[in-house]
Amino acid sequence: MTDPETGVQDAGFDDWLDATEEGDAYYLECANGHGSLPPRRVCPDCGSTDLEEVPLPETGVIETFTVTHVPTPAFEDDAPYATAVADFGPVALTGQVVGIDLDAIETGLEVALEITVSETTGKRVIGFSPV
Amino acid sequence: MSNVRVAGVGLTPFGSTPERTGRDLFAEASIKAFEDSGVPRDDVDALLYGNFMGELSEHQGHQGPLMAEAAGIQAPATRYESACASSGAAVRDAVMRVRNGEDDVVLVGGAERMTNLGTAGATESLAIAADDLWEVRAGTTFPGAYALMAQAYFDEFGGEHEDLAHIAVKNHENALTNDKAQYQRAIEVADVLEAPQVSSPLGLYDACPISDGAAAVVLTSEEYADEHDLEAPVAITGTGQGGDRMALHDREHLARSPAAREAGAEAYADAGVDATDVDLAEVHDCFTIAEVLALEALDLEPIGEGITAARDGRTTADGETPINLSGGLKAKGHPVGATGASQIAEVAKLLAGTHPNSSAVEEATTGVAHNAGGTVASATVHVLEVVE
């Protein structure tokens, strides 16, 4: 999706958001089995340039989280909101935790990817929803 | 190999001066550094200058030559950008240039103008030290990223917000005598615990302020210092730098700082010292949890135990290893591009006996400065020792 304000499309990242919205989330795996997120041409672990798209596991586990009350301007109307790091096995992701009371979020919570939007800007945001 | 002497240091007051330009701030710091050193401007071989958000706060790139002009020197000048470790990285390169004989005299420092952006603008500008695609667009702020590390630390090693509050209280206490500090006022543990939340578990008093300020340091070779009879009793004897993956979620540990560990080990080995030799340190406490992670990465505290260091008095001014006697970023302030060089200035003064808090460390011979960029994807560590 091209950003309406800047006219910029981020190859790899926007493609990943598109695929994830269609239920086809993926990560990149190198010849040595290291996982990473697009866009990449080189495995950051071993330097392999042989990367292929592999389906992302359907669920992940929250490793740590925070509730942000002082946001950047791009999330002004969203605050307070929860951000978490979730481990999906071969890769981990940072996203906003949605569909749950902020007080109920805890480390170890099992989540699935759900692309959501910023209330402030309407732009797409990586989200995690409890399963 | 020549020891690299700290010939003079200069700091502006750190604080809120939104009307002052970066060039004005750096000019003031450099004037003080030249006065302190007694080194003539004509002898400067290079300026290495740290700055992070100049394009956003002042619409100004290419700041190296601009700052050479501001400092009144005719020498090649380069800007270093490594987020909040910008001038730490500049110091490291300055040390290496003097050591290898390339330069005899280097002016190194940094400046940052931040308060003119306002809180929201500064928050947005600081956030770009994180991965824009995979962290910032998910709503990660800088306090938010450190909050993720704080929560991970609590989950892995235990500890609570009250432990962190003691770090803030300690650093405010240390800043009371520092006339360059942004906050020269004491706070209580209750103030920290009752402050508005920024990003749980961190509140307003767990965070360093948004600051304007500049720092400048004149470094010389040992030969130059001897030839010119400089009063420069402190040398930078060790330098190290470490790196890590940009995004927090791509790291092996969410509650440790391997980049700082790598930088510290390299700097200790370079100086021929170890953590037991360290008498004092200035560490990068942009948030209270950051001081904990720094102490553990530098082996000044065992992994998982740094959380109680301030509370139990091990790092207070009267403790065994005083940490952030300047007030740290937390109370002294954090004009990001100036911070690394300002830490070198504070450690040098503490060791030379010219700092208001030197009386807390009268016998000290070895100090450490730890400067971190982003969520510690970059880190530099320097060892300073009394050599005369």
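UniProt positions are given here in the numbering of this model, with shortened feature names, and such annotations may be inferred rather than shown by experiment. The model is predicted: local features need pLDDT of at least 70, side-chain atom pairs count only at pLDDT 80 or more, and totals for chains, interfaces and linings use all residues. Residues are numbered from 1 along each chain as its sequence is written, chains are lettered from A and ligands numbered from 1 in the order in which they are written, and side-chain values use heavy atoms, with hydrogens and water left out.

**View 1. The annotated domain of chain B.** UniProt, in an unreviewed entry, assigns "domain: Thiolase N-terminal" to residues 6-223 of chain B. Helices (H or I, at least four residues) and strands (E, at least two) are DSSP runs, numbered from the N terminus.

**View 2. The annotated domain of chain A.** Residues 53-114 of chain A carry the UniProt feature "domain: ChsH2 C-terminal OB-fold", also from an unreviewed entry. The span is 48% strand and 0% helix. Its end C-alpha atoms lie 19 Å apart.

**View 3. The interface of chain A and chain B.** Contact (heavy atoms within 4.5 Å) involves 34 residues of chain A and 27 residues of chain B. The buried area is about 2600 Å², and carbon and sulfur atoms give 59% of it. Buried area is the accessible area (1.4 Å probe) that two parts lose on being put together, summed over both.

View 4. Three salt bridges cross between chain A and chain B. A salt bridge puts a side-chain nitrogen of Lys or Arg within 4 Å of a carboxyl oxygen of Asp or Glu. D10(A) pairs in this way with R137(B), with the closest N and O atoms 2.8 Å apart.

View 5. The side chains of R5(B) and E388(B) meet at 3.6 Å, N to O. R5(B) lies in strand β1 (residues 4-11) and E388(B) in the segment after β11 (378-386), so the bridge ties together parts of chain B 383 residues apart in sequence. R5(B) is buried, at 3% relative accessible area. E388(B) is exposed, at 56%. Buried means under 20% relative accessible area, exposed over 50%, and partly exposed in between (1.4 Å probe, protein chains only).

View 6. D299(B) and R261(B) form a salt bridge at 3.3 Å, N to O. D299(B) sits in the loop between α11 (288-297) and α12 (328-332), while R261(B) belongs to helix α10 (residues 258-271), 38 residues apart. D299(B) is partly exposed at 47%. R261(B) is partly exposed at 32%.

View 7. K332(B) and E346(B) meet at 3.4 Å, N to O. K332(B) is in helix α12 and E346(B) in helix α13 (residues 336-352), 14 residues apart. K332(B) is buried, at 3% relative accessibility. E346(B) is buried too, at 1%.
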